[in-house]
There are 2 protein chains.
Amino acid sequence: MASEHQPRKGLLIKGDPIAATFQAEVQASLEKLGRKPKLVGILATSSAPSKFYAEFTRKQCERLGVEFILKKTGAAEDEDREEGIKKGEGEGVEEAIIEANEDDSIDGIMVYYPIFGVQQDHYLQQIVSPFKDVEGLNFKFHYNLYHNIRFIQPQSLNQASSTLPVGVEVNTEIPPPGTVKSILPCTPLAIVKCLEHVGVYNKILPYGDRAYGKTITVINRSEVVGRPLAALLANDGARVFSVDIDSIQEYTKRPTTSESAAARRYHPHHVAHPTTLTLEQCLSQSDVVISAVPSEGYKVPTSSLKDGCICVNVSAEKNFQEGVRDKASMYVPAVGKVTIMMLLRNLLRLIEYKAVAPGP
Amino acid sequence: MASEHQPRKGLLIKGDPIAATFQAEVQASLEKLGRKPKLVGILATSSAPSKFYAEFTRKQCERLGVEFILKKTGAAEDEDREEGIKKGEGEGVEEAIIEANEDDSIDGIMVYYPIFGVQQDHYLQQIVSPFKDVEGLNFKFHYNLYHNIRFIQPQSLNQASSTLPVGVEVNTEIPPPGTVKSILPCTPLAIVKCLEHVGVYNKILPYGDRAYGKTITVINRSEVVGRPLAALLANDGARVFSVDIDSIQEYTKRPTTSESAAARRYHPHHVAHPTTLTLEQCLSQSDVVISAVPSEGYKVPTSSLKDGCICVNVSAEKNFQEGVRDKASMYVPAVGKVTIMMLLRNLLRLIEYKAVAPGP
């Protein structure tokens, strides 16, 4: 009877069915809009994954009825040119962004990163008009996310004063009058949607606190994926271990330390605090492990995982070992298809912004 | 007669006399203002160099009649506390920035970086109100610098639309009516002032083109020092080699490639283009070599330097070999004292902004 004791593999959860749950919503919004939104993709490098992702965006857009225009510049443009002076990696990308900002016929802009490296790319991310920022990379959107400000007055995007929190409710799904939902960065949002799909978020709990009771490890603390994700999850009630190369921090909105007067003045939101736990200790008590390490060699050790945990791989590389499903109850190998749906949701939301507060 | 042929050492140019040339200007502006400006320094780490720099800022401020308040938070605050729960590196820094943004009695904010690393630090740099950003790290100031927009309407800092160039003259020292000089990041500006002092900028040439004819190598391409510096120098007419770990680019405002329609619409400004030259080849033809590599081991090879060149060390470490003055005609070992003067100039300029366009 040995077969009875044979361990059952954890479920493999692919992105397609999760993405499909948003397709009807996106399609309904598109029909209601009554025109084709126009998304411009800006490709400025010779990177094969970026080219692949651009074609993937095009396919998804065309399938759903969104106009997609790929603007090539720099090294991406060189490849289409037989002769003449070659441009370099990333050359002309800032000009392409500015032109797209100024073109009233364009609803959304997405730029295929990485281009120059984190510092210069971060500068470019701030150049994209917040009214066209489908990826949600403008610091104003990150500010709202970190401070658990869920709704905004779109006209505040026109103002430098957007760094002041607006006094609106947190624990409601319905935006208060005069406000709309704030844009969230695509990839962290897609991961949250995957976690909702696999039941990590508990709908019986109040909105804004549905991850309460869950311990989650997020491996990566970049401004694009790991830190916003850790903050989102902690703002939703989870206890989050944020793991980076040189440190581990705990993110929670239920801090045991006395909150400062300043913190109390704002929305209840996560605080980050260093922890003395090792990665192994974090993993052993985590209900969910999310890894986004852009390195072929990095592997989360299966042996450290808690039995029955949920693992989500966000990296283009496989961050989990072959045997991950021997320990995990569910394994999500990729979130890219969900990310694209979030991008299109953001595009539709930005069109809503423009209707409420026309851009400059 | 061997002594006649003995090589003479290049001049050692210290920061103090260069800083001193700005002291009278700063003092005159302070007297004209008729009140003590208030600068807040935010120290959030246990880093010894940051602590040292904060004390240095205090001394310079007190000497010149600027009120300096050091706000400690996170690990910097822990050290002053005998007992209780310790905070971590950088903890509470964002709240401290927001409080200083909101405090009308505060004229300028400086934050002692590095805190979390380039990505999260870049986010914090965008949180500082542009009206109080004495370090000039807001992306709007960088945008103006990169696009050679020298004057701004201060009220445009209140608007997201500041990414559109204003149509004002470039080649004039006097701001056109309704505009003021745009804030430049402290460290790159201090380096330019050093180069003006040692005669790299030629005052006989028209304003805005006074580095024309000079070839300059800048080693480091961070968003805080190297890239803005390379752009500043190229916008002033120099041919600049921008050297980073994995690539060398040439910055020039006299490109040989045909400019795009988009580029022509904006102010004449530098373009960046990859070069096939090696570092050795760049150094051998450079009139000026500026190095800002934060690494003890990195040394610019003296043997590659052009005879009689000018070398500027911006790093806290010594980036030039012992024998640099055997080749260089002048050597500037540090620019920190000039940087502080630029910071106080920026503080006074921001007070001017507030008078023209009260912040939110």
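**Salt bridges, core and cavities**

Over all chains, a search of the whole structure finds 32 salt bridges, a salt bridge being a side-chain nitrogen of Lys or Arg within 4 Å of a carboxyl oxygen of Asp or Glu. Before going on, note that this is a predicted model, where local features need pLDDT of at least 70 and side-chain atom pairs count only at pLDDT 80 or more, while totals for chains, interfaces and linings use all residues. Residues are numbered from 1 along each chain as its sequence is written, chains are lettered from A and ligands numbered from 1 in the order in which they are written, and side-chain values use heavy atoms, with hydrogens and water left out.

Take Asp236(A) and Arg150(A), whose side chains meet in a salt bridge at 2.7 Å, N to O. This pair links distant parts of the chain, 86 residues apart: Asp236(A) is in the loop between α8 and β8 of chain A, and Arg150(A) is in the loop between α6 and β5 of chain A. Helices (H or I, at least four residues) and strands (E, at least two) are DSSP runs, numbered from the N terminus. Asp236(A) is buried, at 8% relative accessibility, and Arg150(A) is buried too, at 18%. Buried means under 20% relative accessible area, exposed over 50%, and partly exposed in between, with a 1.4 Å probe and protein chains only.

In chain B, Asp16(B) forms a salt bridge with Lys337(B), with the closest N and O atoms 2.8 Å apart. Here Asp16(B) sits in helix α1 and Lys337(B) in helix α12, 321 residues apart. Asp16(B) is partly exposed at 38%, as is Lys337(B) at 36%.

There is also a network of salt bridges that links Arg35(A), Asp107(A) and Lys354(A).

Now the core. In soluble globular proteins, nonpolar side chains tend to be buried together. The largest nonpolar core has 180 residues; such a core is a set of buried Ala, Val, Leu, Ile, Met, Phe, Trp, Tyr and Cys residues joined through side-chain atoms within 4.5 Å. Leu233(A), Ile290(A), Leu233(B) and Ile290(B) have the most contacts inside it. Leaving out residues up to four places away in sequence, Leu233(B) touches, among others, Val192(B), Tyr201(B), Val240(B) and Ile290(B), contact meaning heavy atoms within 4.5 Å.

Next, why is helix α5 of chain A largely enclosed by the rest of the structure? Because eight of its ten residues are buried. Those buried residues include His122(A), Tyr123(A) and Leu124(A). What covers them includes α4 and α6 of chain A together with α5, α6 and α8 of chain B.

On a 1 Å grid over the protein atoms alone, a cavity is a set of points where a 1.4 Å probe fits but cannot get out, and lining residues have an atom within 4 Å of a point. The largest holds about 50 Å³, and its lining includes Tyr123(A), His122(B) and Glu223(B). Three of the lining residues, the largest share, come from α5(B). The second largest cavity has a volume of about 40 Å³; Ile109(A), Gln125(A) and Asp133(A) are among the residues that line it.

Definitions and conventions. On a 1 Å grid over the protein atoms alone, a cavity is a set of points where a 1.4 Å probe fits but cannot get out, and a pocket is an open set with protein on both sides within 12 Å along at least five of seven lines; lining residues have an atom within 4 Å of a point. Grid points are joined across faces, edges and corners, and a volume is the space filled by probe spheres set on the points.
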